[in-house]
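Welcome, and thanks for opening the viewer. Please load the model shown here and keep the selection panel at hand.

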Amino acid sequence: MSYYSDKTDSLKDIFGATDVRVTEDDINVDGRRYPVIDDVIILLEPAQYPASIRAKLGADDGEIAVEAPFAEDIQYTFGEEWKTFSSMLPEHEQEFRQYFDLLDLDAFTDSRVCDLGCGMGRWSHFLKQRCRELVLVDFSEAIFIARKNLRDSPNALFFMGDITRLPFRDSFADLAFCL
């Protein structure tokens, strides 16, 4: 059973789709297929896949040309950074309070919150019980660290994607942040 089997209504709403089909290995959104690896939905074009994703999916760099500028070096270094520094630390909670001090976090109980460029998911970790649903997006392999760090959060959805080219509907989240 797929992690997303009970999340089709949320996926329909996020994508603005009429039809979402979930299997163990992918989701199909109005006829467009997105692979799923370790509960992470891959939104990147095959030419943007990191080497490990390319290997898992058997993708060829030449399948689709990248239409927009893409910083492969940054994708790699961000992924490596969060693989190295993957643990939640006590100081993260204080940092969270400082970043989010202007928000009434209790107001998000029934909201969908989106963490764009989530890295290892440290800010979402502190939001997970304060909102209805979390959408985490990162274009690096850090998204897999975020998935591990939020493994006990059934309200979280994980996407590997370019935040400048997300296939989501307008206003899909009640709050979106990028730190």
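What follows is a short walk through ring pairs, charges over rings and salt bridges in this predicted model.

**Stop 1: the rings.** Across the whole structure, a search gives 11 aromatic pairs. Select Phe15 and Phe159: their ring centres are 6.1 Å apart with planes at 70 degrees, so this pair is edge-to-face. Phe15 belongs to helix α1 and Phe159 to strand β7, so the contact ties together parts 144 residues apart in sequence. Both Phe15 and Phe159 are buried. Next, pick Phe168 and Phe172, another edge-to-face pair, at 4.8 Å centre to centre and 65 degrees between planes.

**Stop 2: Arg147.** What lies over the face of Tyr3? Arg147 does, at 4.3 Å from the ring centre. Now show Asp39 too: Arg147 forms a salt bridge with Asp39, with 2.9 Å between the closest N and O atoms. Arg147 sits in helix α6 and Asp39 in the loop between β3 and β4, 108 residues apart. Arg147 counts as buried at 11% relative accessibility, whereas Asp39 is partly exposed at 24%.

Stop 3: Select Arg112 and Asp13, whose side chains form a salt bridge at 2.7 Å, N to O. Arg112 is in strand β5 and Asp13 in helix α1, so the pair joins parts 99 residues apart in sequence.

Technical notes:
Residues are numbered from 1 along each chain as its sequence is written. This is a predicted model: local features need pLDDT of at least 70, side-chain atom pairs count only at pLDDT 80 or more; totals for chains, interfaces and linings use all residues. Side-chain values use heavy atoms; hydrogens and water are left out. Rings of Phe, Tyr and Trp (its six-membered ring) pair if their centres lie within 6.5 Å; planes under 30 degrees apart count as stacked, over 60 as edge-to-face and the rest as tilted. Helices (H or I, at least four residues) and strands (E, at least two) are DSSP runs, numbered from the N terminus. Buried means under 20% relative accessible area, exposed over 50%, partly exposed in between (1.4 Å probe, protein chains only). A charge sits over a ring if NZ of Lys or CZ of Arg is within 6 Å of the ring centre and within 35 degrees of the ring normal. A salt bridge is a side-chain nitrogen of Lys or Arg within 4 Å of a carboxyl oxygen of Asp or Glu.
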